[in-house]
Amino acid sequence: VQLQASGGGLVQAGGSLRLSCAASGSISSINDMGWYRQAPGKQRELVALIFSGGVTNYADSVKGRFTISRDNAKNTVYLQMNSLKSEDTAVYYCYANVAREYTTYYRVHWGQGTLVTVSS
């Protein structure tokens, strides 16, 4: 199973970016998918996650600004980030909790990380 993230870049404060992450490979089903981020000198933290049925969870710091969504047919998760702040600058990592074909055992897989830089 591989996760390919895209959409990071440089944006001014107040701007928007949309991250995408597509899972591919031997996949039977995906439970939750989401995004973590890690800023320089800080621990990795959960940004947002979404379950297959659509239930979502957000970090308090991004509520009202970020929106997570997913396309189950494409095994893809998105993160729409609006009203970006300098403190959102970080490497963003996507993950997917995947059951591979012919199994019912779920395991977390990670994407490679995409850098988001917000200039003030």
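Here is a friendly chat about a predicted model, its sheet, its disulfide and its salt bridges.

Colleague: Hi! Before we start, what kind of model is this, and how are residues numbered?

Modeller: This is a predicted model, where local features need pLDDT of at least 70 and side-chain atom pairs count only at pLDDT 80 or more, while totals for chains, interfaces and linings use all residues. Residues are numbered from 1 along each chain as its sequence is written, and side-chain values use heavy atoms, with hydrogens and water left out.

Colleague: Great. What is the strand order in the open sheet of 4 strands?

Modeller: The order is β1-β3-β8-β7, and the pairing is antiparallel. Strands here are DSSP runs of E with at least two residues, numbered from the N terminus (helices would be H or I runs of at least four). Two strands pair if DSSP finds at least two bridges between them.

Colleague: Which strands stand at the edges?

Modeller: Those are β1 (2-6) and β7 (66-71). Each has a single partner strand, so one side of each is left without a neighbour in the sheet.

Colleague: And how many bridges link β1 with β3?

Modeller: β1 and β3 (residues 17-24) pair over 5 bridges, in the antiparallel sense. As one example, A5 has C21 in β3 as its bridge partner.

Colleague: C21, a cysteine! What does a disulfide join C21 to?

Modeller: C21 is joined to C94, with 2.0 Å from S to S. A disulfide here is a pair of cysteine sulfur atoms within 2.5 Å, and the structure holds 1 of them. C21 lies in β3 and C94 in β9 (residues 90-100), so the pair ties together parts that are 73 residues apart in sequence.

Colleague: Are those two cysteines buried or exposed?

Modeller: Both C21 and C94 are buried. Buried means under 20% relative accessible area, exposed means over 50%, and partly exposed is in between (1.4 Å probe, protein chains only).

Colleague: What does H109 touch?

Modeller: Leaving out residues up to four places away in sequence, H109 touches V1, L3, C94, Y95, A96 and V98. A contact means heavy atoms within 4.5 Å. H109 sits in strand β10 (residues 106-110) and is buried, with a relative accessible area of 9%.

Colleague: New topic: how many salt bridges are there?

Modeller: The count comes to 4 salt bridges. The rule asks for a side-chain nitrogen of Lys or Arg within 4 Å of a carboxyl oxygen of Asp or Glu. In general, side chains of opposite charge can pair when their charged atoms come close.

Colleague: Which residues does R37 pair with?

Modeller: One partner is E45, with the closest N and O atoms 2.7 Å apart. Another is D88, at 2.9 Å from N to O. R37 lies in β4 (residues 27-38) and D88 in the loop between β8 (76-81) and β9, so this pair ties together parts that are 51 residues apart in sequence.

Colleague: Where do these three stand on burial?

Modeller: R37 is buried at 6% relative accessible area, and D88 is buried at 0%. E45 is partly exposed, at 35%. Salt bridges that share partners join R37, E45, R65 and D88 into one network.

Colleague: And what does K63 pair with?

Modeller: K63 forms a salt bridge with D60, and their closest N and O atoms are 3.1 Å apart. D60 is exposed, with a relative accessible area of 65%.
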